[in-house]
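Biologist: I am new to this structure. Please show me how to read it, one feature at a time.

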Amino acid sequence: MTAPAQSAGAQANQARAASALSRIRHQLAWNRLLSVVEEQAQVLIRSAFGTATREAGDLSAGVFLPDGRMIAQAVTGTPGHVNAMAESVRHFLREFPLETLHDGDVLLTNDPWKGTGHLFDMTMVTPVFHDGRLVALFASTLHVIDIGGIGSSADGLEVYHEGLFLPIVKFFHAHQVDPGVRAIIRANVREPEQVEGDLYALVACNEVGGRRLKDLMREFRLDDLTALGNTIIEQSRLAMLHAIAAWPQGSWTNRLTIDGYDAPIELVARVTVEPGRILVDFDGTSPQVARGINVVKAYTDAYTSFGVRCLIGADVPNNAGSLSVVQVSAPEGSILNARFPAAVTARHIIGQMLPDVVFGALRQARADQVPAEGSSSLWNLHLVGGEPIAGASAEQNHALIHGKRFNAVSFSTGGTGARPGKDGLSVTSYPSGVRNVSIEILEAANPLLFERKEYRADSGGPGARRGGLGQTIVVRHADPDAAMILAAAFDRVIHPARGALGGHDGAPGQLALGSGTPLKSKGRQLIPAGDSLVVNTPGGGGLGDPARRDRAHLDADLALGLVSAAQAAAVYGTP
């Protein structure tokens, strides 16, 4: 009578051991998969031509199941690229179903509504075949230096003004580039070598990712990725549900006013935390406008979900499972769900404010967990030489076309909001995560001379925890007889980052010529020959009453020149 019981017990032990071994194998394979997508991203960085990718890390890379669900993403990259790309692969598959794809095919688009939000971002998808079967898709995105049209400016009225629009096309057919697509791209951009070089970098990074994936599958004896992918996605979803359960349940509303182009923009969000999901509804947000600051829904989803994930489930892997529990809605025709053919070039101005909107709502649930507002959207200096500008005099346009043609982008930033228990980060790119481009690189590649680049004292909002500082940048054309154009796309000039819980607002941004003439925060403007551009980026908001700031921290700020004696006396009450 005991033998069958022992046999059943042995079988149960064997089953448990097999299950444990399966979990271990899945974890090892998952770790390897993360290294594959990181290598994919590093190949893109090392082979890209444009400084946006090579120096600033403005990119994304990831691997997807054949049904379009994202399994893993590279840590390197921006939320606007990665989270938007997570949905874009499904658009590619609707246009090119799996049965139409072959080994060596590569798909490409810069459709803002099916990619990552504006024409400058090229998204590429490559199918991976293993033993004759399509087992995965690799996708990657980068920001090219030029896409034709009016350039990197918010002045466009429609997307047609903003440059070359590529629908989802086959860039490569069975390992061979499509000569027609290549010719169209080269004929429509000002920097064909750089743009084409970046496209081949996308091809290369996906190809390397596919190669490494096939090595992984051979090593782990996998016929496909379905079981592994489903496990990863489901575990990530369950981890997010666990994180949601640790937060209070309820709904909270927040409103954020930003500068806009011709008039202020209202961003309104209602965030609901309930069992099994988080809902973010942007009903009440301003309508889209006839300028290039509109945001497509995919980009809205990307930065909204990122804002949620910074507070809830921050340590959960980012993939289709964890993203699925954050559901975002925005009225069609609003500035956060712009209808085609809205102008969208500078969609980052508004899109990168969305974490702050989410934070303001969730602060009402857990004030101890949420930072103050920051400068948020990037203050990229886009400087152009060698081309005329509308409205300039004949003499000014002569100075503009004098000398070398160039197209330079400096990824510049302000300060983040103060954090619970910590000061804000100075001149740190949040939420985008892109790096500042070194001035040595910019000066080597373009006829530019940077005269100053330093912390902007007193720009961080005072508080028990101080907001991060902005920076002061002064730059001029290296040739005193040559003028240049600034394509401005900045915010937080009229409406600075707000402090919280008694903390003060950060300093607003400022923009002017060295000769003293103020400049607008948006639009193409002339930097005359012999003059300079002076940029003061915004600071982050403070957190908590400034009177409660630790004196040792304040003394350190004074010693480092981050806070002036005048501000210390006026706000912090120092003798």
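Modeller: Start with touching. Contact means heavy atoms within 4.5 Å. This is a predicted model. By that rule, and leaving out residues up to four places away in sequence, Ser429 touches Leu378, Thr413 and Val434.

Biologist: Where does Ser429 sit in the chain?

Modeller: Ser429 is in a loop. Strand E13 (406–410) and helix H12 (439–445) lie on either side of that loop in the chain.

Biologist: Is Ser429 buried or exposed?

Modeller: Buried means under 20% relative accessible area. Ser429 has 12% relative accessibility, so Ser429 counts as buried.

Biologist: Which side chain makes a polar contact with the side chain of Ser429?

Modeller: That of Ser432, at 2.5 Å. A polar side-chain atom of Ser429 also lies 3.2 Å from the backbone oxygen of Val434. Val434 is one of the residues that Ser429 touches.

Biologist: Now another loop. Where is Asp259 found?

Modeller: Between strand E8 (250–258) and strand E9 (265–274). Asp259 counts as buried, because its relative accessibility is 4%.

Biologist: Which residues does Asp259 touch, not counting those up to four places away in sequence?

Modeller: Pro264, Ile265, Asp491, Arg492, Val493, Ile494, His495 and Lys522. Look at Arg492 in that list. The side chain of Asp259 reaches the backbone nitrogen of Arg492 at 3.2 Å.

Biologist: Let us zoom out. What domains does the chain have?

Modeller: The domain assignment gives domain 1 (20–238) and domain 2 (371–574). Their centres, taken over C-alpha atoms, are 33 Å apart. Domain 1 puts 18 residues into the contact, and domain 2 puts in 15 residues.

Biologist: How is the size of an interface given?

Modeller: Often as the accessible area lost when the parts come together. Here, about 1,500 Å² is buried between domain 1 and domain 2. Carbon and sulfur atoms give 53% of that area.

Biologist: How many salt bridges are counted between domain 1 and domain 2?

Modeller: One. For a salt bridge, look for a side-chain nitrogen of Lys or Arg within 4 Å of a carboxyl oxygen of Asp or Glu. Glu387 and Arg190 meet in a salt bridge, at 3.7 Å from N to O.

Biologist: Which element gives the largest share of the side of domain 1 that touches domain 2?

Modeller: Helix H2 (residues 51–54), with three residues. By class, that side of domain 1 has five nonpolar, six polar and seven charged residues.

Biologist: How many residue pairs are in polar contact across the interface of domain 1 and domain 2?

Modeller: The rule finds four, with both residues at pLDDT 80 or more.

Definitions and conventions
Residues numbered from 1 in each chain as written. Predicted model: local features only at pLDDT ≥ 70, side-chain atom pairs only at ≥ 80, totals over all residues. Heavy atoms only, no water. Helix = DSSP H or I, 4+ residues; strand = E, 2+ residues; numbered from the N terminus. Buried < 20%, exposed > 50% of the residue type's maximum accessible area, 1.4 Å probe, protein only. Polar contact = N/O pair within 3.5 Å; in protein donor to acceptor, adjacent residues only side chain to side chain. Domains from an automatic or database assignment. Buried area = accessible area lost by both parts, 1.4 Å probe. Nonpolar A, V, L, I, M, F, W, Y, C, P; charged D, E, K, R; others polar.
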